[in-house]
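The reader is asked to keep the structure in view while reading.

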Amino acid sequence: MKIHGQQYRSIWLADDGRSVQIIDQTRLPHDFSIMTLRDAQSAARAIREMWVRGAPLIGATAAYGMALGVYNDPSDQAIAGYQELLLMARPTAVNLRWALERVVGRIMPLPKEQRAAAAYAEAAVICDEDVAINSAIGNHGLELIKGIRRNKSGKEPVRILTHCNAGWLATVDWGTALAPIYKAHDAGIHVQVWVDETRPRNQGATLTAWELGAHGVPFDLVVDNAGGHLMQHGAVDLCLVGTDRTTKRGDVCNKIGTYLKALAAQDNHVPFYVALPSPTIDWQIDDGLQEIPIEERGPEEVTHIQGKASDGQLLKVQISPDNTTARNPAFDVTPATLVTGLITERGICEASEDGLVALFPEHTHPAV
Ligand code: MRU
C-alpha cells in the first residue's frame with residue numbers, strides 16, 4: 001500500500017539485511033513511526049505490546065523474530081527458547097503458532113551454520129505468500145461485492161460494515177476483509193464502509209479509518225453499538241470481517257464484538273462473511289467456544305482511552321472513576337451457524353468442515 005506516495009508493506013527487512021522494520025501501530029493514525037527489531041526479544045515485545053497486530057502480521061513478525069534469534073544463536077536449545085518466547089506473546093491468533101512451526105520445521109534439519117539464512121528466507125516466503133493469499137481473497141470477495149451491486153437498484157453504494165482492522169496493517173499487504181473492498185473501489189464500484197470504532201483499542205477508529213482514507217475509499221466511523229440499528233434500517237448490504245482463528249468446522253474467533261454483529265446480521269438477513277487466509281484455520285480443533293484461548297488484556301485498555309490532544313501530543317486519559325475494576329476479553333467466537341460464508345484464497349465456501357475440506361482437500365482425514 002502507498003503512504004504519501006511511497007510503497008510500504010507492514011513489515012520488511014532493513015537495509016542492513018539483518019534487522020527487521022515495522023510500523024508502530026500504537027501511534028497511528030497520528031504519528032507514522034518506524035521501529036527496528038534486532039532480536040527475538042524485541043519481536044516478541046512488538047507482538048505483545050501490539051506495535052504490530054492482526055493475525056497474519058503477528059505470524060510474519062514471529063517468523064522474522066525467529067530469524068533474528070537464530071542469527072544470534074542457532075543452537076537447538078536457543079531455537080526452542082525463541083519458539084516458546086514468541087508463542088507466549090499473544091495467545092489467540094493461530095498464525096503465530098503456524099509461522100513458528102513452519103520456520104522451525106524448515107531450519108531444524110539443517111546444520112547450525114545454515115539455519116539463520118534459511119530462517120530469513122522462510123520468513124520472506126511467508127510474507128510474500130501472505131500478500132498473494134490476501135490478493136486472492138480480494139479477488140474472490142470482489143465477485144461477491146459485484147453480485148450485491150448487480151442486485152441493488154439505483155446508484156446507491158454497496159454498504160459494507162467491518163469490525164476492528166483487517167486491512168493491510170493487519171497483514172503484510174492488502175488485508176483480508178479490506179482486500180475485497182480495495183479491489184471493488186479500484187474497479188470503480190461505489191462502496192461505502194461502516195467502520196466500527198472497536199473498543200477498547202479502537203483499531204477501527206484509528207487503523208481502518210486511516211487506511212481507507214489513504215486509499216480514498218468512502219467510509220463513516222460508527223460507535224460499536226450502531227451496527228444493529230444500521231442493519232435494522234437496511235443500511236448494511238454486507239458484513240465483512242477478519243478472523244484470528246477459525247476452527248475446522250467454521251467457528252470464527254475475531255475481535256470482541258464480532259459475535260454481536262453476526263447476531264444482528266442474522267436477525268436482519270444481512271450476509272455475514274469472514275475473510276479467511278488458510279494459515280488462520282486451526283485444523284486441530286472443532287469447537288471454537290471451548291477450545292480457542294481468548295486473550296484477556298489489561299483493564300487499563302477499558303478504563304483509559306488514547307487520542308491526540310489539541311497540541312498534537314498523544315495523550316492517554318482516564319474515562320472511568322478512580323479504582324474502577326474492568327474486564328477485557330479481547331476476542332469472541334461467532335459460531336459457524338451465524339456465518340454466511342468464508343472467503344479464502346481458494347474461493348468462497350460454507351462455514352463448515354465440508355466446506356473447508358472441499359477447498360483444502362489436503363486436510364481430509366481418512367476414516368478410521
Ligand atoms: O487485537 P488485534 O488488533 O490483533 O485483533 C485483530 C483482529 O481481530 C483482526 O480482525 C484479525 O486479526 C483479522 S486481521 C486480518
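## Salt bridges: the term and a first case

A salt bridge is a side-chain nitrogen of Lys or Arg within 4 Å of a carboxyl oxygen of Asp or Glu. Side chains of opposite charge can pair when their charged atoms come close. The model discussed here is a predicted one. In this model, R90 and E295 meet through their side chains in a salt bridge, with 2.8 Å from N to O.

The domain assignment of the protein gives two parts: domain 1 covers residues 2-129, and domain 2 covers residues 147-363. Their C-alpha centres are 24 Å apart. How many residues of each domain take part in the contact between them? Domain 1 contributes 32 residues, and these are in contact with 35 residues of domain 2.

The area buried between domain 1 and domain 2 is about 2800 Å². Carbon and sulfur atoms give 58% of this area. On the side of domain 1, the residues that lose the most area to domain 2 are H30, R53 and T92, which together account for 21% of what that side buries.

## Polar links and the makeup of one side

Charged and polar links also cross this boundary. The rule finds two salt bridges across the interface of domain 1 and domain 2. It also finds 14 residue pairs in polar contact across that interface. On the side of domain 1 that touches domain 2, the elements giving two or more residues are α2 (55-72) and α4 (95-107). Of these, α2 supplies the largest share of that side, with four residues.

What kinds of residue make up the side of domain 1 that touches domain 2? The residues there divide into 17 nonpolar, eight polar and seven charged.

## Salt bridges in the whole model

By the same rule, the count for the model comes to 22 salt bridges. One of them joins R102 and E122, whose closest N and O atoms are 2.8 Å apart. Because R102 lies in helix α4 and E122 in helix α5 (residues 112-150), the pair ties together parts that are 20 residues apart in sequence. With a relative accessible area of 22%, R102 is partly exposed, whereas E122, at 13%, is buried.

## A network of charged residues

E301 forms a salt bridge with R297, and their closest N and O atoms are 2.7 Å apart. Are these two residues buried or exposed? Both E301 and R297 are buried. Salt bridges that share partners join R90, R201, E295, R297 and E301 into one network.

Most residues other than glycine have a negative phi, and most peptide bonds are trans. The model contains departures from both patterns. The peptide bond from L28 to P29 is cis, with omega near 5°, and P29 is placed in the loop between β4 (20-23) and β5 (34-37). Another cis peptide bond joins R199 and P200, with omega about 10°. P200 is found in the loop between β7 (191-196) and α7 (203-215).

The loop between β7 and α7 also holds N202. This residue, which is not glycine, has a positive phi near 60°. H269 likewise has a positive phi, near 55°, in a residue other than glycine; H269 lies in the loop between α9 (258-267) and β12 (272-275).

Which of the labels buried or exposed applies to N202? N202 counts as buried, at 9% relative accessibility. H269, by contrast, is exposed, with a relative accessible area of 72%. The limits account for both labels, because buried means under 20% relative accessible area and exposed means over 50%.

Terms used:
Residues are numbered from 1 along each chain as its sequence is written. This is a predicted model: local features need pLDDT of at least 70, side-chain atom pairs count only at pLDDT 80 or more; totals for chains, interfaces and linings use all residues. Side-chain values use heavy atoms; hydrogens and water are left out. Domain bounds come from an automatic or database domain assignment. Contact means heavy atoms within 4.5 Å. Buried area is the accessible area (1.4 Å probe) that two parts lose on being put together, summed over both. A polar contact is a pair of N or O atoms within 3.5 Å; within protein, one must be able to donate a hydrogen and the other to accept it, and residues adjacent in sequence count only if both atoms are side-chain atoms. Ala, Val, Leu, Ile, Met, Phe, Trp, Tyr, Cys and Pro count as nonpolar, Asp, Glu, Lys and Arg as charged, and the others, Gly among them, as polar. Buried means under 20% relative accessible area, exposed over 50%, partly exposed in between (1.4 Å probe, protein chains only).
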